[in-house]
Each structure stands twice: as C-alpha cells, then as structure tokens.
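Subject: Structure for you to look over

Dear colleague,

Here is the structure I promised to pass on to you, together with my notes on it. Please open the sequence and the model side by side before you read further.

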Amino acid sequence: MHIARVAVVLAAAALAVSLAQPLCAQALETQRWSAQPNDADGSQVLGATPTRVTWQGQTAEGESLSQVVIDLPAGSTVEADNVKVTVMNGLDRLDVAAQAAVNGTQVTVAFPDPTPAGSLVMVECNRTLLPGEGGTFGLAGSYNTADGQQHDMPATDKTFDVVSTSPADQLSSWLGQQEWVKAWNSNKFLHLFFDPTIVVTSIPTVFSGWLVALALVVVSFPLSIPFGLMWSFLRMAKSRIPRAIGATYINVVRGTPLFLQIYIAFFGLPLLGIKMDLFVLGAIVLVLNSSAYLAEIFRAGIQSINTGQFEAARSLGMNGAQTMFYVIIPQTIRRVIPTMTSEFILMYKDTSLLAAVGVMEIMMYSKTITAATGNVTPYIVAAGFYLIVTIPMTKFINSMEQRMAGGRKKRKKDSHAGLGSNPTDSILPDSDAAVARSIRMSETFAGPGALGDDPSPSGRLGH
C-alpha cells in the first residue's frame, strides 16, 4: 500500500510537470500575423512589392521578453531601419528601447531591458518585399524570456496570401527602391513622362499591342496591293463606266478621313445585324482605305513607263493583258517600291486609330495603363514601339532610292560650273530614281483627281 501511494504521488507530480511545461512554453499568444494589401484595389498582397508585415503577441502574466525572432518567408527582403517595435501595457504605450537587426529573412528584435510582464508587443516590418512567386505563409520564429529560456513561436492558424507578380513588376519594385530612381522621379517632368518604374511595367503590356498592330499591317498591306491594282485598272479603263466607278471609289475614300471610315464600319455594320471580329473588321477597313492610295501610286507608276515599252511588247505579238502583266507591271513595281513602303509606314501608324473602337493594339494598351497610373510614360513607351518600325523603314526607303539611282554621277564644280550644285541634278532624267522621286512628289503635292480622265496622280490628302 505504501509503495502504491508513492507511485500515485509520483505519477501525479509527473502529470503536473508535463502539463505545466507546455503552458509555460505556449504562454505567448500570437494575436496578429498579417501583411497589408498593396495592390491598386487594396484587396490583395502583391509579391515583390513594398508592403507592411505585422506580428503582434500578448505575453502572459509574469512573462517578460528579452528577444523576439521572426522568420519572414523565404525570398523576402527588409531593411533594419524599416522595422518598428511597439510595446503596450494596457492602453499605455511604453517607452522601451529595442534593437532591430536583419539577417537574410530573419528579423531579430532585442530588448536590453526586458518588456514588462503581461505587455503587448508589436513588430512592424515596413517596406517589406515578399516573394514574387507568391504563396500562403504562416508564422515561424522564436522568442526568449527574461530568465534566459528560448521557446518556439506558438502554433497559430493565422496566415496571409501573397499574389505572384511578373518579372517586370518585380524589376519595377526594385527600381523604386533605388536612390537614383527616387532622385530622377523627384523632377516632375521626368516623373510624368519618363518614370523608369512605369517603363518596365508598360513594355510587356504594350509589346502585346505592338504584335497586334504588326499583325494588322502584315495581313492588310499584302491584300491592299491586288485591290489597288484593280482600282488602278478601272481608273485607267477606256470605257467610261468602269473609269467612273474607279475614280468615284478612289476619290471618296481618299477624300474622307480614315477615322470616319472606321466609325462607319464599326458602328454602322452592327446596326445592320452584321457582327464581325474586331481584328478582322479593322483589317478590312485598312485594306479598303489603303487600296485607294495604292491605286493612285500604281497609276502614276504605269503612266511613267515609256510608251515605247507598250509598242515593243505588242510588236512581239503580246496582247494587252500580256503586255501589262509581263512587261509594264514588273517595271512599275520596281519604280513604286519606295512610295509603297511609305504607304506601309502610314498604314502601320494608322492602326492607332483602331484604339477608338476597342481594338487592343499599342495605343489601347498604353491608354489603359495611363488611365490606371495617371502618368504619361506609357505613351512614350508606345512611341518607342512605333519608331522601332518607322525609322528602319525610312532608312530602307532612302537606301533603296540610292540603289535605284543607277545613273547618278558625281559632278565636279570646275567641269560643270553652269549646271548648279543641287544634289538632285546628279540624277539622270530617265533613271528609275528620277521616276520614283516624281511619283513621290506627285503623291505629296497633287490634289485629289476629278471623276474625269485626268491622268495625274493624286496626293494622300486627309490621311
């Protein structure tokens, strides 16, 4: 009986010790573990974007803290100067010295003088960059009590979710932390028009619109060429009716703005019950518009061919169609390539007008970003994407004109004193370069032709 009593007493003591130990270890209660939303709507926490991570714990009566260690999610960054510590005793804020240190993702807060027993401790990690890949993160860490004992953070079901961000957003957040970017954006003009943080986030989005604009031109321009030839042949037909049809179409299309034609197609056809994909409808409008201008380009090129070419072909037994397609058209294409390239550039820039009817091209994307940020930088990025195509194409036109100038000769002043010093004088009158220059000049300065038989090409007015 004596031995049984001793065993019962020892068992009771062991049970009391085992129950007391966890209670002592879990005396600290985590009241808060959260991250502040940092997206535009204030509803989500974005990774790789500055936010505030807060831990708040309530110590038990008779428990004082000498150190708190918080393990941030792997891949997080924060500076020690941005760690703020608050100690409350009831409703009173206590003036307690605290030393914060950051080692990788581990934030350590040391209290030279232990916190009062039963106080509330809050650690705020401001401007923290959480992992860009996102995820759900719980609390991990440890704390030391005033008696020198170390304990793990008590288990808690409190977590916060982080939304993944793109590499461009991560780079933008990193740039926003750089001192030179802060100094750059301190200038109002540079901030509104050339903000580096907005540039890196705008490029991927505007790039997708750039691909749409290129696709529109790549699809529309080749289709415009046969239609342009067709209208050109109608315009030069001997019969009055087809000639009037061709002249009417060309002058009506060239005499009205492309913007108006887009509105008529996009808002008028649905009223007739005709619904089409926006991309397809946009391409159709560009084809119909550009074909009118190409028709005049081809007409000017065909009429620039010496009549001897027609006579020579007919003397060889070719009929009218064979003469046109095997003799005249090849020479015409060669001569009008520079002007056609200019038309390609104009069509590429005109794709921006489709943004007004909802086609998601360069201007539509940049407009959306500008509306969200209140910054003009996306428009500057859009201008860069346009220049990527227009500048090389302009150089291509110039180099092509130089290659076509086979009769170009350099003249010395002493041997050609009476011929003038104008560089255009060195181009032979009958060379392809002279004809191409004449076509471009006529396209630039000539007014819209009448419905009659005037053979002179017309300029691209109102485009």
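This is a predicted model: local features need pLDDT of at least 70, side-chain atom pairs count only at pLDDT 80 or more; totals for chains, interfaces and linings use all residues.

The protein chain has 13 helices and 12 strands, and buried residues make up 40% of its 463 residues. Among the contacts in the chain that join residues at least 6 apart in sequence, 73% are between residues at least 24 apart.

**The strands around S8**

Strand S8, which covers residues 120-128, is mostly covered, with seven of its nine residues buried. It pairs with strand S2 (residues 51-58) through seven bridges, the two running antiparallel, and in this pairing Val-53 stands opposite Cys-125 of S8. Strand S4 (residues 83-89) also pairs with S8 in the antiparallel sense, here over six bridges; Val-83 has Cys-125 of S8 as its bridge partner, while Met-88 stands opposite Leu-120 of S8. S4 and S5 form a hairpin with two residues between them, and Gly-90 in the turn has a positive phi of about 70°.

**The open sheet**

Five strands form an open sheet in the order S6-S7-S3-S10-S11, and the pairing is antiparallel. Strand S6 (99-103) and strand S11 (150-152) stand at the edges with a single partner strand each, so one side of each has no neighbour in the sheet. From one strand to the next the twist averages 15°. Within this sheet, strand S3 (residues 65-71) is joined to strand S10 (residues 141-145) by five bridges, the two running antiparallel, and Leu-65 stands opposite Thr-145 in S10.

**Ser-172 in helix H2**

Ser-172 lies in helix H2, which covers residues 167-176. Is Ser-172 buried or exposed? Its relative accessibility is 12%, and because the cut-off for buried is under 20%, Ser-172 counts as buried. Leaving aside neighbours within four places in sequence, Ser-172 is in contact with Thr-197, Val-200 and Thr-201.

**Helix H7 and its surroundings**

Helix H7 (residues 258-271) has 14 residues and reaches 20 Å from its first C-alpha to its last, close to the 20 Å expected at 1.5 Å a residue. In H7, Leu-258, Gln-261, Ile-262, Ala-265 and Phe-266 are buried. An α-helix has 3.6 residues a turn, so residues three or four places apart point the same way. H7 is followed by Gly-273, whose phi is positive, near 85°.

**The nonpolar cores**

Which residues have the most contacts inside the largest nonpolar core? This core has 40 residues, and those with the most contacts inside it are Phe-266, Tyr-348, Leu-354 and Ile-362. At least two of its residues are supplied by each of helix H5 (196-235), H7, H8, H10, helix H11 (362-373) and helix H12 (377-404), and the largest share, nine residues, comes from H10. When neighbours within four places in sequence are left aside, Ile-362 is in contact with Val-206, Gly-209, Trp-210, Ala-213, Tyr-348, Ala-382, Phe-385 and Tyr-386. A second, separate core has 26 residues, including Trp-33, Ile-70, Leu-72 and Val-87.

Under "transmembrane region", an unreviewed UniProt entry lists residues 207-231, 252-272, 278-295, 344-364 and 376-394. In the model, residues 207-231 are 100% helix and 0% strand, with their end C-alpha atoms 35 Å apart. Residues 278-295 are likewise 100% helix and 0% strand, and their end C-alpha atoms lie 26 Å apart.

With best regards

Notes. Residues are numbered from 1 along each chain as its sequence is written. Side-chain values use heavy atoms; hydrogens and water are left out. Buried means under 20% relative accessible area, exposed over 50%, partly exposed in between (1.4 Å probe, protein chains only). Helices (H or I, at least four residues) and strands (E, at least two) are DSSP runs, numbered from the N terminus. Two strands pair if DSSP finds at least two bridges between them. The expected span of a helix is 1.5 Å times one less than its number of residues. A nonpolar core is a set of buried Ala, Val, Leu, Ile, Met, Phe, Trp, Tyr and Cys residues joined through side-chain atoms within 4.5 Å. Contact means heavy atoms within 4.5 Å. Axes are lines fitted to C-alpha atoms, for helices over the stretch in contact, and angles run from 0 to 180 degrees between N-to-C directions. UniProt positions are given in the numbering used here, feature names are shortened, and annotations may be inferred rather than shown by experiment.
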